Amino acid sequence: MSSPAWPLVPRVSAVPGKILVTPRSLTAENVATHPLLEPLRAAGYEIVAGPAGRQPEPAELRELVADIEGWVAGVEPIDAETLAAAPHLRVISRNGAGADAIDLAAASARGIRVETARGANARGVAELALGLILGSLRQIPAANSLLHDGGWARARGREVAEVTVGIVGFGAIGRHVASTILQLGGRVVAYDPFVTEDTEGVELVNLPTLFRESNVVTLHAPPPADGTPLVGRDLLALMPAGSVLINTARSALVDHAAVLDAYADGTLISYAVDAFATEPPELDATLSHPHTLLTPHIGAFTGASTQRAAEAAVENLLAALTNQ
């Protein structure tokens with residue numbers, strides 16, 4: 001459930017200290033009485049709330065972290081400057097699967113342990129990806145807009161059984177997606193450098209083969225460490241005409257200029273995205289394109305997913321603070 005343990009500097013308080021809570025799903029309610037935070041209160045910790053229902057700004061974070069011992073963190077960037085402003089911080093526990101918003105090198109250098117709630121939001125994100133796949137194959141958003149504008153036209157759609165779905169990143173989310181696509185009669189291929197054995201019904205292939213054979217590609221992987229987009233012109237050019245690209249993972253995975261080119265030559269008919277560099281996003285030519293389907297980072301924003309993620313984050317935080 002947690003990430004690899006980072007070394008802890010031995011800093012043990014005589015009494016429990018303060019815990020900062022910043023996930024928007026938690027701060028939208030009163031953290032002093034939030035039931036999912038009860039284990040922290042029961043352990044004697046004082047809970048410090050981030051801005052209610054929104055992502056904190058860097059300057060706000062630097063003030064909030066001054067005397068905290070632990071941090072239940074959301075998606076906000078946590079850089080070296082923020083960590084330097086937190087001299088008593090021992091553990092950051094993310095309420096999600098990723099830690100790429102955290103400067104892990106700076107955390108390690110300061111003896112701050114980083115935990116993640118792996119798999120907690122997998123079903124929620126997978127279900128959104130499936131919804132975006134089905135909506136794109138049947139062009140549901142465009143049909144809805146057309147009728148609302150008083151028009152009437154029908155576009156021939158495709159059933160899942162007609163297509164091959166390529167899954168980039170075959171962890172918990174990717175496996176949920178694969179299971180449902182297979183049940184609907186679709187073919188599934190997957191790419192993941194950390195998975196070496198085929199799963200029943202799913203063929204592992206290299207990345208160029210995946211794009212060449214897939215009518216739908218759905219992304220469930222972190223971006224490359226060097227900051228370059230994983231999906232650019234070279235890979236998109238391999239896809240069949242009329243393909244669909246789904247991104248519920250990270251904005252940095254996709255080259256927006258390459259998506260525009262793929263729209264222009266007919267390679268893509270839809271780019272569905274739930275991940276943005278900033279929230280709310282700046283609508284560039286790709287995001288504002290009529291074939292781009294946008295959702296406001298709702299993949300993990302379900303009742304069940306937020307509960308599982310918060311429970312895991314609190315459990316991981318308490319275990320790390322008590323060196324369990």
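Helices (H or I, at least four residues) and strands (E, at least two) are DSSP runs, numbered from the N terminus. The protein is a predicted model, in which local features need pLDDT of at least 70 and side-chain atom pairs count only at pLDDT 80 or more, while totals for chains, interfaces and linings use all residues. Residues are numbered from 1 along each chain as its sequence is written, and side-chain values use heavy atoms, with hydrogens and water left out.

The protein contains 12 helices and 12 strands. Its radius of gyration (taken over C-alpha atoms) is 21 Å, close to the 20 Å given for 324 residues by the globule rule, so the protein is as compact as a globular protein of that length; the rule is 2.2 Å times the number of residues to the power 0.38. Along the principal axes, the C-alpha atoms fill a box of roughly 65 × 50 × 35 Å. Buried residues (under 20% relative accessible area, 1.4 Å probe, protein chains only) make up 47% of the 324 residues.

Asn206 lies in the loop that separates strand S8 (202-204) from helix H9 (207-213). Asn206 counts as partly exposed because its relative accessibility is 43%, the class that falls between buried and exposed (over 50%). A polar contact of 2.7 Å links the side chains of Asn206 and Thr209; such a contact is a pair of N or O atoms within 3.5 Å, where, within protein, one must be able to donate a hydrogen and the other to accept it, and residues adjacent in sequence count only if both atoms are side-chain atoms. Between Asn206 and Val189, which are 17 residues apart along the chain, the C-alpha separation is 9.5 Å.
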